[in-house]
Amino acid sequence: MADYIYTMEIRLTPDQLKGVNLVQDVARAAGITLYLTGGAIRDIISGFTIRDLDFTVQGNPLKLQKDFERAGAQIAGHDEDVRTLFLVLPGNVRAEIGMAHTEQYDKIGKPPEIAPASIQEDLRRRDFTVNAMALSLNEGSRGLLLDPFNGVADIEAKLLRILHNYSFVEDPSRLIRAARFAARFHWPMEERTQQRYDAAKENNYIEHISRSAVGHEIAQLAHEDDPLNVVRSLEREDWLKVLHPHWSSAKVDANGLAQLMKTRQQMVDLGYTVDPSAAVMHFLTARLSEKDIADLRRQIPRKDLVEAWRDIEDHAKDLAKRLMGKEAATPSRTWNLLSSARPEMILFLAVTARHQSVAQKIKNFLTKWRQVQQRIPLPEMTELLITPQLPEYPKIARDVFMLLLDGKLRSRTETLKFLKPFAPPPPPPPPPPRRGRGPKAVTGAPALVTGKVPGKKSETKGKGKAEPAPAPAPVASVPVAKTHAKAKPEPPKAKSKPTKQAAKPVAKRPAKARKTAPKKAKSRKR
Ligand code: ATP
């Protein structure tokens, strides 16, 4: 049997996994039953990018707003009708917590009657089999996959299949969703689904689409990996004009969008967590009028997206201005400024900067200046015992990098000359072996953990506030990795003469080794 918890854990990003744990903790404390549902399960199983986390609870999630806020989530909006809470979890993870419910459609074009329900009933009101699965996150059944419509089989067959014949009639937004998923995954509709789709199209059921469904579908475009492909596909199917009568692929700034997605990938490869959704909306609607854009924004349920999209140009202008001023007069100052800027702004400005100097600075920040890190003489620093164990290591590493960036250290000799005064005195020789229970040995290991560069977090996820500028990741991470790997598994060599590099970690080990070794041997025998 498939272990879906394991699959979930390896497929989610670390931040998404933390998000699942956060939601799980809040639900557990509130005594509410929780499932991971919908697209998140589909993407976990199919291997596609997991864009957001959809949770379903048996109860009213709107009552848990305060608990989520206390746990570190931001409330990005809610939908009173279907009792859904929109959250941004730490690390920019988008999540929705919906109430398990049924939808009773009595008349075409009229909104359904919503009633709280069990998760099994909730799955029956979903759009496609591949979206009608739930993974239990509850004690006692954690890891159990509810798949009443054989969604896993349809994922394997790469097919979109509705759950019943009236699906498109009941909720015509599913027509748009079918086209969107077909374009994104390149999965065709199963035969009967295609027939129902064609019939619904011919009968113009789309005219009964609800306003809120239109808003939801507009916002979904912002999160596509290839938004232009989806927009073109919706246009071919005549659905784009449903989202807005003046919208067409000709209104898209295709070059800007392509550049944006390319730069986004570049930033992801550098380790940034960057949410391009607001910028995507900017380019998708670049040639629409202000009024049309305002119409689109009004319909989007997630206000965090609307605000980010509305403010993106102003924020980018502010950053551009700062990049042209004294604050960015030297490469090191520019580095510091951009390191504390929101990655979303760097991304947007990288594509839209009008001033050559601004564009060049961002380009250098993302490419050339990173190579300067390779000129930091890490082996020599280790020789000098300037390693992450030193409390002042992050500052030293940062200062060297800044001086190299500004061309103030022009050669290896100059760099070493700068570094030498920071070398700590060599450690005392190891104490002679003692019998009996000595004080607990202290290894260098815990200190190594702090080798993480302060401010790195703000480099990747910063919220735009000016913070102490971080050193670039590799400056600290390389020595951390090396020393850590060496210090941890190395068995204590009480008799061997410590080398210069190994002197510090080895020095205090014999006491611990003598103390712990027999114990371990004993417990293994048992
Ligand atoms: P995406 O990857 O685009 O976010 P998703 O499937 O997660 O895909 P959402 O719009 O976030 O899409 O919806 C979450 C889940 O809610 C869906 O997987 C589906 O189960 C259900 N759902 C959303 N819209 C509808 C609808 N119109 N009719 C039925 N079920 C729906």
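Colleague: Is Asn-21 buried, exposed or partly exposed?

Modeller: Please keep in mind throughout that this is a predicted model. Residues under 20% relative accessible area count as buried and those over 50% as exposed. Asn-21 has a relative accessible area of 34%, so it is partly exposed. This residue lies in helix 2, which spans residues 14–30. The C-alpha atom of Asn-21 is separated by 9.3 Å from that of Leu-137, although the two residues are 116 positions apart along the chain.

Colleague: What does the chain look like as a whole, and how many helices and strands are there?

Modeller: The chain has 28 helices and nine strands, and of its 526 residues 48% count as buried. If we take the contacts with a separation of 6 or more, 68% of them are between residues 24 or more positions apart. The accessible surface comes to about 26700 Å², with 53% of it belonging to carbon and sulfur atoms.

Colleague: How should I read a nonpolar core, and which residues touch the most other members here?

Modeller: The general idea is that in soluble globular proteins nonpolar side chains tend to be buried together. In this model the largest nonpolar core has 126 residues, and Leu-36, Leu-53, Phe-55, Phe-68 and Trp-247 touch the most other members. Leaving aside neighbours within four places in sequence, Leu-36 is in contact with residues including Met-8, Ile-41, Leu-53, Phe-55, Met-133 and Leu-137. There is also a second, separate core of five residues, among them Tyr-35, Ile-119, Ala-134 and Leu-146.

Colleague: Why is helix 14 described as largely enclosed by the rest of the structure?

Modeller: Eight of the eight residues of helix 14, which covers residues 277–284, are buried, and therefore the helix is largely enclosed by the rest of the structure. Those buried residues include Ser-277, Val-280, His-282 and Phe-283, and they pack against helix 10, helix 11, helix 13, helix 16 and helix 18.

Colleague: Turning to the ligand, which residues come nearest to it?

Modeller: There are 19 residues around the ligand, and Arg-42, Asp-171, Arg-174, Arg-184 and His-216 come nearest. By class, this shell has 12 charged, six polar and one nonpolar residue. Looking at individual atom pairs, a polar side-chain atom of Arg-51 lies 2.8 Å from an oxygen atom of the ligand, and a polar side-chain atom of Gln-220 lies 3.3 Å from an oxygen atom of the ligand. A polar backbone atom of Asp-127 is 3.2 Å from a nitrogen atom of the ligand. On its own the ligand has 580 Å² of accessible area, and the protein covers 92% of this.

Colleague: Which elements give two or more residues to that shell?

Modeller: They are helix 3, helix 8 and helix 10, and helix 8 contributes the largest share, with six residues.

Colleague: Finally, how do I read the backbone angle phi, and what is its value at Asn-92?

Modeller: Most residues other than glycine have a negative phi. Asn-92, although not a glycine, has a positive phi of about 65°, and its place is in the loop between strand 4 and strand 5. With a relative accessible area of 28%, Asn-92 is partly exposed. Lys-158, another residue other than glycine, has a positive phi near 55°, and sits in the loop between helix 6 and helix 7. At 47% relative accessibility, Lys-158 counts as partly exposed.

Key:
Residues numbered from 1 in each chain as written. Predicted model: local features only at pLDDT ≥ 70, side-chain atom pairs only at ≥ 80, totals over all residues. Heavy atoms only, no water. Near = heavy atom within 4 Å. Polar contact = N/O pair within 3.5 Å; in protein donor to acceptor, adjacent residues only side chain to side chain. Areas by Shrake-Rupley, 256 points an atom, 1.4 Å probe, with all protein chains shown as cover. Helix = DSSP H or I, 4+ residues; strand = E, 2+ residues; numbered from the N terminus. Nonpolar A, V, L, I, M, F, W, Y, C, P; charged D, E, K, R; others polar. Core = buried A, V, L, I, M, F, W, Y, C linked by side-chain atoms within 4.5 Å. Buried < 20%, exposed > 50% of the residue type's maximum accessible area, 1.4 Å probe, protein only. Contact = heavy atoms within 4.5 Å.
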